[in-house]
Amino acid sequence: MGIVAGLDSSSEYTRIVVCDTDTGAVIRQGHAPHPVPEGADGGDGAAAGRRTEIDPQAWLLSLGDAAAGGLLEGVQAIGVSAQQHGLVPLDENGAPVRPALVGNDRRAQTAAADLVDALGGREAWAQAVGVVPQAAQPVAKLRWLARQEPHAAQRVAEVLQPHDWLVWQLLGRPARRTTDRGGASGTGYWSAATESWRPDLAELALGRPVRLPEVIGPAEAAGQTPEGLLISAGTGETMAAAFGLGVGVGDAVVSLGASGSVFSVHHQALAEPSGMITSLADATGMHLPVVYTLNAVRALRGAADLLGTDLEGLSALALESTPGSYGLVLLPYLEGERTPDLPHTAGTLAGLRRESMKPEHLARAAFEGMLCGLADALDVLRGRGVAVRRVFLLGAAAELPAVQAIAPSLLGAQVVVPQPADYTALGAARQAAWALGVAQGTLSPQQPPLWPAPAGRVLEAGEELAVGQAVRQQYVAVREQTHPGAFG
């Protein structure tokens with residue numbers, strides 16, 4: 001028996017869980033927000049008060065606060081996960097040339113479009129690295145930096161992501177900088193298909209060569225602290241959450257935020273010519289194809305606002321209606337859409353008749369529209385040979401009774417709603433236990449520790465499956481009539 005810790009440094013806070021290496025049982029945990037400097041406005045371009053840049057030292061201060069009171073006493077290894085798509089640009093001496101740019105920064109939208117054109121279009125990027133540049137990704141941030149802050153860009157000698165930087169700091173800032181394949185796969189200049197950097201794409205973005213960290217294997221250690229504490233490879237939040245949940249082949253994860261995402265573990269990288277699939281790597285040596293949607297819970301909130309209620313009230317109303325919402329169909333493209341690629345469209349409400357114009361039918365149409373949009377994303381993966389037998393449903397909206405009642409039949413699979421837990425931090429802790437076991441000779445680099453599956457509610461479509469598929473057909477008919485050929 002040993003003790004390991006998993007650290008999740010998100011965009012707003014640090015969470016730490018301390019776990020038993022054999023069982024994964026949480027022994028203790030800590031939490032602390034990232035400090036916000038007095039007068040900070042979140043950086044130029046911040047939306048709704050959300051930070052778009054931050055001094056990386058804030059991550060260390062938050063980590064120290066979360067670990068206060070002897071939380072890490074007896075810990076033998078630490079795994080680090082952190083927010084994805086952040087960029088920490090460093091000079092020749094390893095000092096940041098400016099605050100780190102974080103994932104929710106939309107200032108690089110034009111830069112991303114420029115990069116798509118510079119390489120010859122979306123298909124060229126999909127084939128090169130399995131990722132079509134978006135504003136969030138480091139490759140687009142590098143282009144933005146080169147265009148908007150050329151003096152800072154000229155000082156950039158190397159670039160790290162947040163988890164890379166935190167691992168490097170914990171190790172005492174050694175000459176060797178490392179990352180993992182999961183984190184690297186989201187940069188826009190690492191190919192999941194070839195498992196290698198594309199430094200030419202980083203140079204295309206910045207306008208000059210830049211050093212990139214060494215990519216190490218899932219079970220490798222990045223090193224040891226001066227005190228002898230082992231630090232594992234680390235990874236991004238999505239990969240750590242999948243590892244913490246125990247997602248395997250045949251599983252998919254549907255995440256319900258304002259926007260949505262669908263990902264699954266697969267045995268090979270998937271390149272999709274239109275770029276609808278983002279080809280990421282996971283934290284175990286497998287692959288993690290992801291399909292993003294722009295509209296998930298924001299469609300529910302829009303409907304709730306229209307009806308003068310909240311999400312819980314909308315759920316209760318929806319359950320007063322029946323499958324198919326009396327013919328109402330909502331295409332929930334309120335912010336445009338990424339899957340299918342309809343960036344400039346708007347939402348559509350079809351099937352209005354006198355008998356369907358009731359609050360409960362609109363409420364149900366909102367839930368059905370959101371879930372049909374996510375089912376479309378799931379079908380993009382299925383269409384590329386990804387097996388989906390079980391779906392993990394994540395996010396606070398997954399607890400809504402209407403979501404749980406409707407999701408299994410529309411998604412066409414068994415649905416699991418895991419009990420709330422810090423799965424990202426748990427995934428980082430599991431990685432630490434793996435690296436520690438390999439270092440001690442008790443685990444194989446090919447087999448991570450077999451921690452128990454998380455508890456959760458299991459939902460089956462049962463007799464409702466045929467009804468759900470009829471609702472999907474109704475939705476698809478409206479989508480094809482409104483946006484013919486949207487999926488090719």
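Tutor: Begin with the annotation, and keep in mind that this is a predicted model. The unreviewed UniProt entry lists residues 295-436 as "domain: Carbohydrate kinase FGGY C-terminal".

Student: What are the helix and strand contents of residues 295-436?

Tutor: The span is 48% helix and 13% strand.

Student: How do I read a nonpolar core? Which residues have the most contacts inside the largest one?

Tutor: A core is a set of buried nonpolar residues joined through side-chain atoms within 4.5 Å. In this model the largest has 56 residues, and Leu256, Leu300, Phe367, Met370, Val391, Leu393 and Val415 have the most contacts inside it. Helix α12 supplies the largest share of this core, 14 residues. There is also a second, separate core of 32 residues, which includes Val75, Leu90, Leu171 and Ile216.

Student: Take Leu256. Which residues is it in contact with, leaving aside neighbours within four places in sequence?

Tutor: Leu256 is in contact with Val297, Met370, Leu374, Leu393, Leu394, Gly395, Ala397, Ala398 and Val403. Two of the names there, Met370 and Leu393, are also listed among the residues with the most contacts inside the core.

Student: How does one read a helix that packs against others? Which residues of α11 are buried?

Tutor: The general point is that an α-helix has 3.6 residues a turn, so residues three or four places apart point the same way. In helix α11 (residues 311-318), the buried residues are Leu311, Gly313, Leu314, Ser315 and Ala318. They pack against α10 (297-307), α12 and α13 (401-411).

Student: Now a strand residue. Is Thr293 buried or exposed?

Tutor: Thr293 counts as buried because its relative accessibility is 5%, and the cut-off for buried is under 20%. It is found in strand β19 (residues 287-293). Not counting residues up to four places away in sequence, Thr293 touches Ser259, Gly260, Glu337, Thr339, Gly373, Leu374 and Ala377.

Student: How should I read salt bridges, and how many does the structure hold?

Tutor: Side chains of opposite charge can pair when their charged atoms come close. The structure holds 20 salt bridges. In one of them, Asp282 pairs with Arg181, the closest N and O atoms being 3.6 Å apart. That pair links distant parts of the chain: Asp282 is in the loop between β18 (277-281) and β19, while Arg181 is in helix α7 (residues 181-184), 101 residues apart. Asp282 is buried, with a relative accessible area of 5%, and Arg181 also counts as buried, at 5% relative accessibility.

Student: Which salt bridge would show partly exposed partners?

Tutor: The side chains of Arg198 and Asp200 meet in a salt bridge, 2.8 Å from N to O. Arg198 is partly exposed at 25% relative accessible area, and Asp200 is partly exposed at 38%.

Student: What about salt bridges linked in a network: which residues take part?

Tutor: Asp376, Asp379, Arg382, Arg472, Arg479 and Glu480 are linked in this way. Asp376 is in helix α12 and Arg479 in helix α15 (residues 465-482), so the pair links distant parts of the chain, 103 residues apart.

Tutor: Phe487 lies in the segment after α15 and is partly exposed, with a relative accessible area of 27%. The C-alpha atoms of Phe487 and Thr339 are separated by 8.3 Å, although the two residues are 148 residues apart along the chain. Leaving aside neighbours within four places in sequence, Phe487 is in contact with Met276, Thr339, Pro340, Asp376, Val380 and Arg479. For another pair, Gly228 and Arg147 are 81 residues apart in sequence and 43 Å apart in space, C-alpha to C-alpha. Gly228 lies in the loop between β13 (221-224) and β14 (230-232).

Methods:
Residues are numbered from 1 along each chain as its sequence is written. This is a predicted model: local features need pLDDT of at least 70, side-chain atom pairs count only at pLDDT 80 or more; totals for chains, interfaces and linings use all residues. Side-chain values use heavy atoms; hydrogens and water are left out. Helices (H or I, at least four residues) and strands (E, at least two) are DSSP runs, numbered from the N terminus. Buried means under 20% relative accessible area, exposed over 50%, partly exposed in between (1.4 Å probe, protein chains only). Contact means heavy atoms within 4.5 Å. UniProt positions are given in the numbering used here, feature names are shortened, and annotations may be inferred rather than shown by experiment. A salt bridge is a side-chain nitrogen of Lys or Arg within 4 Å of a carboxyl oxygen of Asp or Glu.
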